[in-house]
Amino acid sequence: MADRIHIEKGSVQETLIIPLYGRKLCAEVFPKLYTDESAARICAQLDYDFTELDRQAKSTFWRFGALEAAMRQLDMQWEIRDYLATHPKAAVVNMGCGLDQTGRACDNGTCRIYNVDMPDIIAAREQLCPAGERERNIASDLNDAVWMEEVDGSQGAIFFAAGVFHYLTKAQAQVLARELAARYPGSRLVFDTVGKLGKRLMRSTFKSFGMENYDECLCVEDPAELQTWVSGTRVSTRGYMLGYYDMDDPAVTGFHRFLARLCDNVVKMRIVRFDF
Ligand SMILES: C[S@@+](CC[C@H](N)C(=O)[O-])C[C@H]1O[C@@H](n2cnc3c(N)ncnc32)[C@H](O)[C@@H]1O
């Protein structure tokens, strides 16, 4: 087994722990809805104190948090498989990948998988799950477009970012979308957003990760504003919790469904899709 990998507390990189743990928990509690072959194994290989997360794992709210992490990944998988159906050799690009294996979960045997994140995360990734055949890990800040030079989009490309665009400023997110549109015509970009209330609810999380630029960070109250980001492109949105799947699992309660509707309609959690 690889050496245990240290994840620094209080860093943006630590943000990967919650969705990773959420996927592990969701696969345990809602197995009909969600399976994950890697999350539990990777958690066991991290030098990170999971005591507090384990303690809270039985609460309704944490179970709902796990559902959130899993639904987002299922939404991304839906979009990737949909794109691959017409572009089977496309580049599948996980932006701000953390230790997530969505690219592999959607591997059709012919696509190329790219995982992009900060250098320390990519170093951990290389140790825990080294890049396989047709897969490349790229250590880069997403805001530095040089990483795109490593992505071969000649057969199409789908770029996805799960839980990442919250940490970009609106200006950075727009520049990134425009750069992808210019370099990869015919590609697709998928990411999740929250509205103003959602951003307020995330405030303490931002602070605990040492992020000082909270005010400038992206939130999307009205999806119509996305139309202005990249001219001549198609933009669509769906509900994050219930926009793709009905959360079909016997362990999903009526209260979970109530919270899911609240997330989609009040917190305005959405999956955004650009077709360039
Ligand atoms: C909430 S985690 C999500 C990780 C992964 N997408 C998942 O679903 O498990 C956010 C990830 O985005 C990465 N990230 C945030 N800002 C970034 C940037 N500017 N460039 C590259 N990676 C970034 C962090 O290092 C972290 O791994």
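Q77 has its place in helix α4, residues 60–86. Helices here are DSSP runs of H or I with at least four residues, strands are E runs of at least two, and both are numbered from the N terminus. This is a predicted model: local features need pLDDT of at least 70, side-chain atom pairs count only at pLDDT 80 or more, and totals for chains, interfaces and linings use all residues. Residues are numbered from 1 along each chain as its sequence is written, and side-chain values use heavy atoms, leaving out hydrogens and water.

**Q77**
- Q77 is buried, at a relative accessible area of 10%. The cut-offs are under 20% for buried, over 50% for exposed and partly exposed in between, with a 1.4 Å probe and protein chains only.
- Contact means heavy atoms within 4.5 Å.

**The chain as a whole**
- The chain has ten helices and nine strands.
- Its radius of gyration is 18 Å, close to the 19 Å that the globule rule gives for 276 residues, so the chain is as compact as a globular protein of that length. The radius is taken over C-alpha atoms, and the rule is 2.2 Å times the number of residues to the power 0.38.
- Along the principal axes, the C-alpha atoms fill a box of roughly 45 × 45 × 40 Å.
- Buried residues make up 54% of the 276.
- Take contacts between residues at least 6 apart in sequence: 73% of them join residues at least 24 apart.

**T233**
- T233 is found in the loop between α9 (203–208) and β8 (234–239).
- T233 counts as buried, at 12% relative accessibility.
- Beyond its neighbours within four places in sequence, T233 is in contact with Q227, F274, D275 and F276.
- The T233 side chain reaches the backbone oxygen of D275 at 2.8 Å.
- T233 and I18 are 215 residues apart in sequence; C-alpha to C-alpha, they are 33 Å apart in space.

**Aromatic pairs**
- Rings of Phe, Tyr and Trp (its six-membered ring) pair if their centres lie within 6.5 Å; planes under 30 degrees apart are stacked, over 60 edge-to-face, and the rest tilted.
- By this rule the count is twelve aromatic pairs.
- W147 and F159 are edge-to-face, because their ring centres are 6.3 Å apart and their planes stand at 70°.
- That pair links distant parts of the chain: W147 is in the loop between β5 (135–139) and β6 (157–161), F159 is in strand β6, and they are twelve residues apart.
- W147 and F159 are both buried.
- F159 also forms a tilted pair with Y184, at 5.0 Å centre to centre and 55° between the planes.
- F159 lies in strand β6 and Y184 in the loop between α7 (170–183) and β7 (188–193), so this pair ties together parts 25 residues apart in sequence.
- Y184 is buried, as is F159.
- Ring pairs link F165, F191, W229, F274 and F276 into a cluster.

**Charges over rings**
- A charge sits over a ring if NZ of Lys or CZ of Arg is within 6 Å of the ring centre and within 35 degrees of the ring normal.
- The charged end of K199 sits over the Y214 ring, 5.2 Å from its centre.
- R238 lies over the face of W78, 4.5 Å from the ring centre.

Key: A polar contact is a pair of N or O atoms within 3.5 Å; within protein, one must be able to donate a hydrogen and the other to accept it, and residues adjacent in sequence count only if both atoms are side-chain atoms.
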